[in-house]
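Please examine the charged side chains of the structure shown below.

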Amino acid sequence: MMASSYSAKEEDGHHSGPAGLGGAAIRTRKPDNTAFKQQRLPAWQPILTAGTVLPAFFIIGLIFIPIGIGLYVTSNNIKEFEIDYTGTDMSSPCFNCSQSFSWNSTTPCKCVLFFSLDQPFESNVFMYYGLSNFYQNHRRYVKSRDDSQLNGDQRSLKEPSKECEPYRTNENKPIAPCGAIANSMFNDTLDLFYIDPNGTKTQILLIKKGIAWWTDKHVKFRNPGGSNPNLTAAFIETAKPVNWHKPVYELDIDSENNGFINEDFIVWMRTAALPTFRKLYRIIQKKNNMTPTLPRGSYSLEVTYNYPVRSFEGRKRMILSTISWMGGKNPFLGIAYITVGSICFFLGVVLLFIHHKYGNRNNSSDVPS
Amino acid sequence: MICSLTICGGDEKRVDSRTIYVGHRPCPDTEAFIPSKFCDNRIVSSKYTVWNFLPKNLFEQFRRIANFYFLIIFLVQVIVDTPTSPVTSGLPLFFVITVTAIKQGYEDWLRHKADNEVNKYPVTVLEDGRSVKKESEKIKVGDVVEVVEDETFPCDLILLQSSREDGTCFVTTASLDGESNHKTHYTVPDTEKDLQALPATIECEQPQPDLYKFVGRMHIYKPEQEPAVRSLGPENLLLKGATLKNTKKISGVTVYTGMETKMALNYQGKSQKRSAVEKSINAFLLVYLCILISKAVVCTTLKYVWQSKEGQDEPWYNQKNQKEKDTNMYLKMFTDFLSFMVLFNFIIPVSMYVTVEMQKFLGSFFITWDKDFFDPEIQEGALVNTSDLNEELGQVEYVFTDKTGTLTQNNMEFIECCIDGFQYKHRDTRSELDGFTVTDGPVNKLQQKEKEELFLRALCLCHTVQVKEAGSEEVLTDQVDGIDGMQPQPEEERGFIASSPDEIALVRGAMEYGFTFLGLESKSMKIKNRENNIEEYKLLHVLNFDPVRRRMSVIVQTKSGETLLFCKGADSSIFPRVKPEEVDRIRMHVERNATEGYRTLCVAYKQLSAEEYAVADTGLREARLALQDREQKLMAMYNQVETGMSLIGATAVEDRLQEEAAETMEALQGAGMKVWVLTGDKMETAKSTCYACRLFQRGTELLELTVRTLEDGRLKREEKLLELFCVTLFNVNLKSWSTANQDYGFIIDGATLSLVMNPSREADASQYRSLFLQICQNCTAVLCCRMAPLQKAQIVKMVKNSKGSPITLSIGDGANDVSMILEAHVGIGIKGKEGRQAVRNSDYNLCFILPQFLYQFFCGYSQQPLYDAAYLTMYNICFTSMPILAYSLLEQHISMEILLDNAALYREIANNAMLRWRPFLYWTVLGIFQGLLFFFGVRFLFSNPALQDNGQVFGNWSYGTIVFTVLVFTVTLKLALDTRHWTWINHFVIWGSLAFYVFFSFFWGGIIWPFLKQQRLYFVFANMLSSVSAWLVIIILILLSLLPEILLVVLRKPRGPHSRQVYLFLPFPF
């Protein structure tokens, strides 16, 4: 990329100072003749000129454009299906649920949405829920948690951090898990059914393992009382978050996925960067090589509608997506790489032109007169 | 002043003088012995003590805008609920304050040590007839102190006794005013014999800082006699800090001690020179402060606009707590504003001052270490007195230089003389007896010989030269200006010591022609004449040289009883005092010599009759004893005595140019600096020196503005001056338009300058000055001759305060240059390195904070920080500061050799080219571009936060970490792109910083930190690296943000006449 020259400036020989009459007795104050002190350290002096930058531009262009095309193709090959089930429309099956929402209702409101996939999803399918206009990155919200409580600390369990206010205590009992994030955990249940052409509904197996970061699940989040399987006892004397239907120790029947180490909970606790976000909900594992994970055809999504978003004009979505090595579907990177690659290539051409037209004249007159 | 004298009347004496009892002995005839209170002899140059260090130093540091600002931010963070913890701004502030405090504390500790060394230095004090060893700080006013050779004086002393027979001693005041020549000081007459029981009092003025002024009176009481009164002048006063030379031992009585000594008074109240860089940094900071405030205002406004919408402010999932609900709306707005301020406060780089300071501090070491500055003759390298001004060296526009000793070697050689109108030149071949030949015209041998001898006697007598004592062990190693004793000398060769090398040259000149000065012994001067007979003269009076009178005289008495006055001095001061008919013959020679660049002196004499002498004698004595206005009285007396003389001849002394003076001058001019020579010499002499050192060149058109050109019968001087000004200015402007490369030289003399500076009508002053400046600024070289020291300072001050306030540099060696040096921005310096690069931090911080600002639009204006607190804190201190420091210290855009060969390259950096608004704007725009790029690049990536190949999603801290990683890499790589000179230190620091960032991020995210409330970054960095998309976005964003920089390098068009060469070496403009 750079034309470079190693110009190690040689230190000139150590010629001893004027031979004083006193000889060695005279303490000379002559500065040390070291390369560092004389600012003559050997140095690499790269020179950036049009001549050296030009190839760099071409090379960047030649590398980036293929990468960009690769990324773009990869992104395009990712199958993604998205369905909004907020229920703001009268026509939406979930309209009733969204209208009649009440925190106190004991009977869950259910709605069913039908959709069809035009193309089969071949590999593992990842099921996301998406929320819009939900400010998980609001400062008051982001800080409203107690990580040491979530790490199983007994003291924090009994005495949650002040940051959790106003979701710190309920009826003089400490809330576990405390804070606004935990309190607002997403609690819709989504079930997916495949509808055969002949009309039979088959429930699709949704795996809930592996949706959270491994380190979160195994290190950052811990139940109080360590490996004690009796979670109910561990959470005694604590209150459930006010908006929850069930206490934390009843999130799942599987003890490996219950309490603070419930993966749905952990996923929720990782606050999103932007007000429109998606979070991993379930994984649909590929069964075998013969059949696609989700074949073409009709499906139904059964929603247990617990989560109100109407009050802040939010939206709820369910997303089905396959995943590639670069993650989910996002054409941005591919486009960016193609664009930057093209710009570099274009600049290379322009520079080459300029270099040829003006560079030569400069060079010829550089001969010192 | 005058009125205070009249009003105070009798009190005035008590106020203006102090009485000292020599040896603390009560004296007869005086009122009761009252031991007066004077301060002790402790020198305190240190600023702090252990007790007041903390408060005082903190106070000083917080007076700096940036520090104060960060203190305020810190306090806001402590008091108000803010997005970031107080640690984020407290820690950098603490770091900065600590580093500075350590530096200042260390410097003060050094001062303490130096003070202690001085204060505890053992001195010998005569007490009750015994010598007592004491610590220096215990000396009291009135103590009689003994000092031996090569020791420094512990306090200001009146010399009472010297081991030298003639009652003199030699001192060098190198540490006081930089003059390293030997100066002669005299004992007070009649105090020689009996110091142990000398009943005497000294009355002298109160301490004052002028090194060259002292008036006092000594009363010596003798039993049954009127007390003898002796006058005391600066020649009797030995200053603290000066060193005794060439004299075995002296005794003196203490008059001023400790902080009242002239040395201490001179070091007090010296204002710290503040560099222009710091000022411009402050200006830039102000701009950033404005950006900061406007950002905070925008965010606060938008926040309340956004919140006014139903359900946005307090959705069900994010309720406020009770306290927040209760807070008053306006108070909340205010706290919100403060919170935004805190959030964006990092836009102002806290570490910039530290980086700049460290750069200057360390940079000064490079100057000290530079072996090219090392002078093998005096075994000393360059000394940096203040590190604050290093970078000014790269900004010098005006160079003021003294002529004698700076441009020239101040190593005088007697060239020729002119006696009675005939020119005498020294001939190498000693064909004639005296080797002294008339080179023009026939001579009446006999009469001429008489004149010759008179002239040579005058040269031998009229001076203050001392003969260097032979046999002194130090003769060989003692290296002092004006001593001719460097080599072992043959017996007939003598070493001389004098305050001015001219005098030595003259005495040596006379020696060449057969008249040898043997020395001064107890008031009688001995000379050996051509016949090898010893002649003795009684020295009656020395009328000392001073720069105003520009002459000196001696009054001697010959063996035969004749009283003679010999006077030598500048022609202008001699000619009016001799018979006019004698002048013409000699003037011609003097002027010719002057044009050849020699220093000329005229010699005159007069015979004093007994009556005349008696008048002069009493007059001089009285004047010397006067306590008030002694200077004026002496001056009047001198002028009275030195009249009606007859001119004998003139001398010409050559002062050779310094080695490579001409090359240096050319280089300075090539570098676009304007060189002004300020000298006390004659115009002709100075002019020829200027030609010799190529300050004026053949093509240079000279504009003269001197007394001679002003003399016009019709007009008054001032009117003529104005007219000339206008004509000259018109010429200069006209010609500079028509012919591009015409150089102008401008010559002005002291008398004319004083007309310019102090015209009779006050109203004209500013007009004259601006005209004068306009002319000077259009000239490449300006020569000011016949300057008084104060005028030199006036000129420097005038230029310094002119439009654009250019940076000035003064070079000089003598006492007459001190005021000029103090006045200029830069004392002395030859080579500059610009350290302003450190200021680029400012754009680092813009692209650091801009994403944080943009993030507010996406988080409901809730002041949510984008980056983790650790990153916020460490960004300035750890991740970016070291490469900047290394870069600013070690960068050599252009190699030393090329720099030395092409002085014109200096033009590129001079005039603050590196730190003007244009580059600043460029950095700001670039910073904004990069900030936008970083934020939105990642923003589009996060439109689908499922970035890992296992479908898992990233959160807000991953977002911030990606942006921050791009940021750290971009700014460091940008610096790497700018680095033209990669030493191993640069490699180490740049790659080390990046490695440290990666290491730190792993480490910080790898552990559950028990002291943290939130484990925000737990494994965020590692997870980020496991995502291919994150890698790809980081790479492309870094590349894209570096693209403008690279492009600019390649597309930059050469500018200006020298730029093609520069273009080759200077591909990076900023």
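Q: On what conventions does the reading rest?

A: This is a predicted model, in which local features need pLDDT of at least 70 and side-chain atom pairs count only at pLDDT 80 or more, while totals for chains, interfaces and linings use all residues. Residues are numbered from 1 along each chain as its sequence is written, chains are lettered from A and ligands numbered from 1 in the order in which they are written, and side-chain values use heavy atoms, with hydrogens and water left out.

Q: How many salt bridges does a search of the whole structure find?

A: A salt bridge is a side-chain nitrogen of Lys or Arg within 4 Å of a carboxyl oxygen of Asp or Glu. Over all chains, the search finds 30.

Q: Is A:Arg168 buried or exposed?

A: Buried means under 20% relative accessible area, exposed over 50%, and partly exposed in between (1.4 Å probe, protein chains only). A:Arg168 is buried at 11%, whereas its salt-bridge partner A:Glu159 is exposed at 52%. Their closest N and O atoms are 2.9 Å apart.

Q: Where do B:Glu453 and B:Arg457 lie?

A: Helices (H or I, at least four residues) and strands (E, at least two) are DSSP runs, numbered from the N terminus. Both residues lie in helix 13 (residues 445–461) of chain B, four residues apart, about one turn of the helix. B:Glu453 is buried at 14%, and B:Arg457 is buried at 18%.

Q: Which residues are linked in a network of salt bridges?

A: The network links B:Lys120, B:Glu135, B:Glu137 and B:Lys138.
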